[in-house]
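Here's a walk through a two-chain model, one piece at a time. Have the viewer open and follow along.

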Amino acid sequence: MALAAAAPAGPRSPQPDSPTPPPSDSLHEGHGDDSGTVGDVDLIAFDPSTFATTFDGGKVTALGGGRSLREWEVVALNKDIEVAPGVVFPAWTFNGQVPGPTFRARQGDQLRFRFTNGSSHAHTIHFHGIHPPSMDGVDPIIEPGAEFIYEFEARPFGLHLYHCHVMPLKRHIHKGLYGAFIIDPPGGRTPARELVMVMNAFDTNFDSENEVYAVNTVAFHYARHPIQVKVGERVRVYLVNITEFDLVNSFHLHASMFRLYRTGTNLEQFELTDIVTMGQGERHVLEFTLEHPGRFMFHAHQSEFAELGWMGMFEATPEESA
Amino acid sequence: MTALPSPTARPKPRLPLWLAVLLPVVALAAVFFAFARGGVLSALRSDIPPVESLTIGAVQMDRDGFEFDVFNGGAQTVTLAQVTVDDAYWQFHTHPSPVIQRFGQIRVHLYYPWVRAEPLAVHLVTSTGQTFAVEIPVASETPRPGLKQFGLYGLIGVFVGIVPVALGMLWFPALRRFSRRWVDAVLALTLGLLVFLFVDTLSEGLESAHALPGVLQGVSLFILAALLTWLALLAITSSRRAANAAPPATGGWFLALLIALSIGMHNLGEGLGIGAAFALGEAALGTFLVYGFTLHNITEGVGIVAPLLRSTNTSPLNEKPVGLISFVGLALLAGGPAVVGAWIGGFAYSPVLGTLFLGIALGAVWQVIAEVGRMLLQRARSEGTPFVTWLNLAAFLLGVGVMYLTAFLVQA
């Protein structure tokens, strides 16, 4: 594990154990581009950069008439995950990762999730969207070792989510049993650089308050590893809020504005803005292009969340330099 | 019925002494070995999450940031993963490393643009996600040890310790003209004052003991220090009493000395608290604190001279007259430790030391309560008057009450 002993990243950080006080110009408020944390997480175990661009369409079988059958295997597993450098959280996961896989289908597809509970507690998968109540993931509860097949038609198109719906709900959600669920419109969306961002948080000492905030689990990951985009390229963010304990979370983009498609269920833009505030379970599709090269910060506009890990960077490079 | 072995029976062959001494030790080692090999502990422990226990030392602040020690008093190694300041992750440095062995200590430093006179909420986040709070109630630069600071703390010690005790003793000439029953009342007042000090020392000591890391067993340390002090004073008093067997057993001068000593130990504890409060940046409360302690401690001077009244008033076996030098000595003995306490508290505050001193004070005060009580009782017996008169009771309550009310002034 990358437990940086005493040397923080960042150009302006003074050397550890330096006998002399830092030069006075290091007396800055805040820390510029640096993240507040020291060190980095084990990216082999889970890399949020990879997660953001990974979409799981399942095993596809053509059904005719343009429809497909999509099948997934989902396993609930207990797993210790690193939510900030050196900070381990005893998570409950779908398929060993938090957030769980981003499931993606096209409107009208037949979906089949074979769910096995390989963990120590009872769980379910509750999908948002339109489906029969028997497939809603509230009843029956799947006991450890048991199995259940959720099968329904993908509708309506938009950005949805899924999560465990076993009581106590707060615990089952904040322990990590959630993920994004994208249903594409029949005609698809305009090609773009697509990213999944699940706003989540972790109560590492179990006092019903979060110690770590992030998009895609790891505090300050995209500050340490900015998301690379091209100037003028269309960027599409599938943004989901699953933060527990806090009433709202938000997404704010610096030096640019994004088109907001609420819940992604309408192809007409709702508004052009640079900030969107969301309650738990809300999700929106955001589209924008960065018009200048350089680093564009994005973060929760709850400053507290931002400074506890929910802050990142887009790094736009000129098209010709590709 | 079998016959009991007769005492004259032939002695059985006995183990050599060294073996007899070692045998239990060897057996103990064998039991430990069996326990460890049998995997009993690991079976008990297997699924139990680690409980971490960190204790944070006094925070030293300078213009560019602050630093503090972290002590691991828990059962296993703890790794410091991150630090938040006012709910924001902040870069930090550790020396020698972020890994804290059991009973180990590291130093943590942060560069932070703190705001003067405002509180800071610092939290340590360990590798298991547990959090530990670092208290900075009022941010201000930690005074650097220097001649000026040394003099300043010394002066504070003089003001809260020596001055009030000496002022209280100035009542002596007036008190010695008191009639017998009024002298009794002054003794009862002293008793009230001492009972208050006992309760106060007990609560302060327990508070200080609870702040210590678990491994040091603060409450035991505190109580044992009190017990040892009490027993030592008991031994001294008893041997003295045995030496001059004729009543009155306890000389007034000796008792005054004892009271001064125990009040001195208590004032050492107070001095530590005041010095530490100044050092921790609670200087804003300081002036009030000094006035408060000065008023509070005046009663102590009365208490010290109270036993001396007896010799002048009633005892035909008059002891040597008490000279001015002796009074100065008593004042220094009772008040001087406040100066020492202020220095220690200001420059090298150690909760362990604080707890120990408070324990010593507790034991001493207890012994003095017993002695003053005995004196009052003897006086009552020799005159055939009741021990608890209305006047004595009122004086006792006055003693407790004055201490209680003036203590309002020194509650931070």
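## Ground rules

Domain bounds here come from an automatic or database domain assignment. This is a predicted model, in which local features need pLDDT of at least 70, side-chain atom pairs count only at pLDDT 80 or more, and totals for chains, interfaces and linings use all residues. Residues are numbered from 1 along each chain as its sequence is written, while chains are lettered from A and ligands numbered from 1 in the order in which they are written.

## Chain A at a glance

Chain A carries four helices and 20 strands; helices (H or I, at least four residues) and strands (E, at least two) are DSSP runs, numbered from the N terminus. Buried residues make up 43% of its 322 residues. Buried means that 20 or more other C-beta atoms lie within 10 Å of a residue's own; 12 or fewer makes it exposed, anything in between is partly exposed, and the C-beta atoms are placed from the backbone.

Take the contacts in chain A with a separation of 6 or more: 71% of them link residues 24 or more positions apart. Two residues are in contact if their C-beta atoms, placed from the backbone, lie within 7 Å.

Where they meet, 26 residues of domain 1 of chain A are in contact with 28 residues of domain 2 of chain A.

Which elements give two or more residues to the domain 1 side of chain A? They are α1 (48-52), β2 (67-84), β3 (87-94), β8 (158-163), α2 (169-174) and β9 (178-184) of chain A. Of these, β8(A) gives the most, with five residues. By class, that side of domain 1 of chain A has 18 nonpolar, seven polar and one charged residues. For the classes, Ala, Val, Leu, Ile, Met, Phe, Trp, Tyr, Cys and Pro count as nonpolar, Asp, Glu, Lys and Arg as charged, and the others, Gly among them, as polar.

## Strands worth a look in chain A

There's an open sheet of four strands in chain A, ordered β4-β9-β8-β6, with mixed pairing. The edges belong to β4 (103-106) and β6 (126-127) of chain A; each has a single partner strand, so one side of each is left without a neighbour in the sheet. Two strands pair if DSSP finds at least two bridges between them. β8(A) and β9(A) pair in the antiparallel sense over six bridges, and A:Leu159 has A:Ile182 in β9(A) as its bridge partner.

Now go to strand β1 (residues 59-64) of chain A, which is hardly covered: the count of buried residues among its six residues is zero. β1(A) runs antiparallel to β2(A), and five bridges join them. A:Val60 stands opposite A:Arg70 in β2(A). The hairpin of β1(A) and β2(A) has two residues between the strands, and A:Gly65 takes a positive phi near 65° there.

## Over to chain B

Chain B has 11 helices and nine strands, and 42% of its 412 residues are buried. For contacts in chain B between residues at least 6 apart in sequence, 81% join residues at least 24 apart.

Chain B is assigned domain 1 (54-136) and domain 2 (147-410). The contact takes five residues from domain 1 of chain B and five residues from domain 2 of chain B. The side of domain 1 of chain B that touches domain 2 of chain B divides into three nonpolar, two polar and no charged residues.

## Helices of chain B

Helix α1 (residues 17-37) of chain B has 21 residues, which should span 30 Å at 1.5 Å a residue; its end C-alpha atoms are 31 Å apart, which agrees. The expected span is 1.5 Å times one less than the number of residues in the helix. α1(B) bends by about 35° at B:Leu23, and a proline, B:Pro24, follows within four residues. That bend is the angle between axes fitted to the seven residues ending at a residue and the seven starting there.

Helix α10 (residues 351-383) of chain B has 33 residues and reaches 48 Å from its first C-alpha to its last, close to the 48 Å expected. Just after α10(B), B:Gly384 takes a positive phi of about 70°.

## One buried valine

B:Val302 has its place in helix α8 (residues 286-313) of chain B. Why does B:Val302 count as buried? Because it has 22 C-beta neighbours inside 10 Å. Leaving aside neighbours within four places in sequence, B:Val302 is in contact with B:Gly168, B:Trp171, B:Val186, B:Leu189 and B:Thr190. The C-alpha atoms of B:Val302 and B:Ala166 are separated by 9.1 Å, though the two residues are 136 residues apart along the chain.
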